[in-house]
Amino acid sequence: SRVDGVFGTLAVDNFPIAVTLERPWLGNQSKVSCIPAGSYTAKRVVSPSHGDVFEVTGVPGRSHILIHAGNVDDDSEGCILLGESFSYWRDGSCCILSSKDALKEFMQLLKGINEFELVITNCFT
């Protein structure tokens, strides 16, 4: 059976502001795996393909992990996607919706902030 990704929530000061979607856990492999639980520094960058976003730094053996818009895990190459709600995609798989709106709101909330601590926790093994 297909795993549709790793779903979660993004909270600022313990207040949920968005839902998240990452690729399934594949041993922290670059561009195909979700990020392992831990504390990382997210830094504002301008991505050629995603514009003004944050890059998650300090993930062992990984680089270019962005927080950006997308709806299904195939939209992520090991990055974190933001959305406003969980739903089902056209093919019946799980997805997130209103991703561009969620990213815009997230970036507006962090206007003037160039880096922050991102703590990733998980409920799976």
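1. Phe106 touches Leu10, Ile17, Phe54, Ile67, Leu82 and Phe116, not counting residues up to four places away in sequence; contact here means heavy atoms within 4.5 Å. The model is predicted, so local features need pLDDT of at least 70 and side-chain atom pairs count only at pLDDT 80 or more, while totals for chains, interfaces and linings use all residues. Residues are numbered from 1 along each chain as its sequence is written, and side-chain values use heavy atoms, with hydrogens and water left out.

2. Phe106 is also one of the residues with the most contacts inside the largest nonpolar core, together with Ile35, Phe54, Val56, Ile67, Leu82 and Phe116. This core has 23 residues. Such a core is a set of buried Ala, Val, Leu, Ile, Met, Phe, Trp, Tyr and Cys residues joined through side-chain atoms within 4.5 Å. Buried means under 20% relative accessible area, exposed over 50%, and partly exposed in between (1.4 Å probe, protein chains only).

3. Two or more core residues come from each of strands E3 (38-47), E4 (51-57), E5 (65-69), E6 (80-83) and E9 (115-120) and from helix H1 (99-109). H1 gives the largest share, four residues. Helices (H or I, at least four residues) and strands (E, at least two) are DSSP runs, numbered from the N terminus.

4. In H1, Ser99, Ala102, Leu103, Phe106 and Met107 are buried. They lie on the same side of the helix, because their arc around the axis is only 130 degrees; the arc is that of the directions from the helix axis to the C-beta atoms. Lys100, Lys104 and Gln108 are exposed on the other side of H1.

5. Leu81 is found in strand E6 and is buried, at 0% relative accessible area. Leaving aside neighbours within four places in sequence, its contacts include Val19, Leu21, His68, Val72, Asp75 and Ile96.

6. The count of salt bridges comes to one, taking a side-chain nitrogen of Lys or Arg within 4 Å of a carboxyl oxygen of Asp or Glu. The pair is Asp52 and Arg44, at 2.8 Å, N to O. Asp52 is partly exposed at 39% relative accessible area, and Arg44 is partly exposed at 22%.

7. The whole structure has zero disulfides, a disulfide being a pair of cysteine sulfur atoms within 2.5 Å. The sulfur of Cys79, a buried residue at 6% relative accessible area, is 12 Å from the closest cysteine sulfur, in Cys34, too far for a bond. Cys94 is partly exposed at 28%; its sulfur is 7.6 Å from the closest cysteine sulfur, in Cys95, again too far for a bond.
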